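Grab a pencil and keep the viewer open.

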Amino acid sequence: MISTELARALRDSGLAWKPQPGDAFLIDRVEVDSDVFYLSELTIEAHDYPTGTVLGFNGTTEWALDSVALEDTLWLPHEHQLREKLGPAFVSLRPAWSATVVIDGIEQSFEADAPADAYARALLHLLDSFRAE
C-alpha cells in the first residue's frame, strides 16, 4: 500500500477516484487518519447523489460512523490500479522496484522500496506533466 504522503500528492496532482469494491481509503482527518478502510458491498458502499459521492457504512463497523463525504477521504490505490492509471506510458517494472515510463518520448525511471510506491512516483510525474502543459 502506498504511503499517505504519496496518496495526497497524487490526489493534489489530479488523480480522480471513482470508488469500487476492494478500494482502500482512509478518512483524511488527523484523529482517524491511521485507520484504513476497504469498500465492500457488505460493509462500506459508495452512494452517488447529485451533491456528490458519499461512502456509507452499513451495519456494524469498528466504530460508529454512518457515512463520510468522498472529499473527506483519501484513496490509497493498489499496485494494479496505479499501473492501470499509467496506461500506455508504462514500459516496465524491474526488481529493486524501478518503474519505467515514457512521457513525451523520454524514458524515465522511478525507484522505490515497493512496487506500488514506484508506480505512484511514476504516475505522480505523469500527472504533473499533464498539469504543466
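Helices (H or I, at least four residues) and strands (E, at least two) are DSSP runs, numbered from the N terminus. This is a predicted model, where local features need pLDDT of at least 70, side-chain atom pairs count only at pLDDT 80 or more, and totals for chains, interfaces and linings use all residues. Residues are numbered from 1 along each chain as its sequence is written, and side-chain values use heavy atoms, with hydrogens and water left out.

**Exercise 1.** Find Pro21 and work out whether it is buried or exposed.

*Solution.* Start in the loop between H1 and strand S1 (24–27), where Pro21 sits. Next, recall the cut-offs: buried is under 20% relative accessible area, exposed over 50%, partly exposed in between (1.4 Å probe, protein chains only). Pro21 has 54% relative accessibility, so it counts as exposed. Ser40 is 19 residues from Pro21 in sequence, yet their C-alpha atoms lie 4.9 Å apart.

**Exercise 2.** Sort out which residues of helix H1 (residues 4–12) are buried, and how they are arranged.

*Solution.* First, pick out the buried ones: Leu6, Ala7 and Leu10. Viewed down the H1 axis, these fall within an arc of 100 degrees (taken from the directions from the helix axis to the C-beta atoms), so they line one face of the helix. Then turn to the other side of H1, where Glu5 and Asp12 are exposed. Last, check the partners: the buried residues of H1 pack against strand S6 (73–75), helix H2 (79–86) and helix H3 (115–132).

Methods. Contact means heavy atoms within 4.5 Å.
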